[in-house]
Amino acid sequence: MVKTRGCRAMLLAGGASLALAASACGTDDFANEPRPPAAVGLTGVVRDQGVSISPDRVGAGPIRLTIANQTERAHSITLEGEDVIERVPQVQPQDTATIQKTLRPGTYEISAGSSRAVDIEDQIAPATLTVGPERPSSDRTLLLP
C-alpha cells in the first residue's frame, strides 16, 4: 500500500508539471500576420502600334504580367515606376514573357524596346498601368497554394 501511494503522488506531480509545461506552449509569441493579396494575372501584347495590357487598373499587391510579342523583331520588356524597374532582356517574335512583382500604389509604364529602334518612328508606344489602394488579404480565399 505504501508503494501505491508513492506512485500516485509521483504520477500526480508528473501530470501537474506536464500540464504546466503544456500551458506555456500556448503563449502569443508569434504574430499571425494576414496573408498578402492573391496575385492578379495581367495580360499584355506588344504590337507595332504599341503595348497594351489588360486590365490597366489594379489594386496594390502581387501581379503576374504575361506579355506576348506579336511583332517581327525581338524586344526587351520593361516595367518601370514607383522605385521598380523590372526588365526581360529579349522576347523573340511570337514568344511570351512573364514579370512577377509586388506593386505599390502609383503609375507604372510597360514598354517594349528594340536595339534597332533608333528612329522615333520605330519606337513602340508604352502602356500605362495604374495601381490603386492595396487589395484585401487572401486569408479566406480557397484553393491558394
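Trainee: How many bridges join β3 to strand β6, and do the two run parallel or antiparallel?

Mentor: This is a predicted model. In it, β3 and strand β6 (residues 96-103) are joined by eight bridges and run antiparallel. Isoleucine 63, for instance, stands opposite lysine 101 in β6.

Trainee: What makes β3 and strand β8 a pair?

Mentor: Pairing requires at least two bridges between the strands. Four bridges join β3 to β8 (residues 127-134), so they count as paired, and these strands run parallel. Alanine 60 stands opposite glutamate 134 in β8.

Trainee: How many bridges join strand β1 to strand β3?

Mentor: Seven, between β1 (residues 40-47) and β3 (residues 57-69), which run parallel. Threonine 43 has threonine 66 in β3 as its bridge partner.

Trainee: Why is threonine 78 called buried?

Mentor: The cut-off for buried is under 20% relative accessible area. Threonine 78 has 5% relative accessibility, so the residue counts as buried. Threonine 78 lies in strand β4 (residues 75-81).

Trainee: Which residues is threonine 78 in contact with, leaving aside its neighbours within four places in sequence?

Mentor: Ile85, Glu86, Arg87, Glu109, Ile110 and Ser111.

Trainee: Why is glutamine 94 called exposed?

Mentor: Exposed means over 50%. Glutamine 94 has 63% relative accessibility and therefore counts as exposed. Glutamine 94 lies in the loop between β5 (84-91) and β6.

Trainee: What is the phi of glutamine 94?

Mentor: Near 65°, a positive value in a residue other than glycine. Most residues other than glycine have a negative phi, and most peptide bonds are trans.

Trainee: Is the peptide bond from serine 54 to proline 55 cis or trans?

Mentor: That bond is cis, with omega near -10°. Proline 55 is found in the loop between β2 (50-54) and β3.

Trainee: How many helices and strands are there in the protein chain?

Mentor: One helix and eight strands, in the order α-β-β-β-β-β-β-β-β along the sequence. Of the 145 residues in the chain, 30% are buried.

Notes:
Residues numbered from 1 in each chain as written. Predicted model: local features only at pLDDT ≥ 70, side-chain atom pairs only at ≥ 80, totals over all residues. Heavy atoms only, no water. Buried < 20%, exposed > 50% of the residue type's maximum accessible area, 1.4 Å probe, protein only. Contact = heavy atoms within 4.5 Å.
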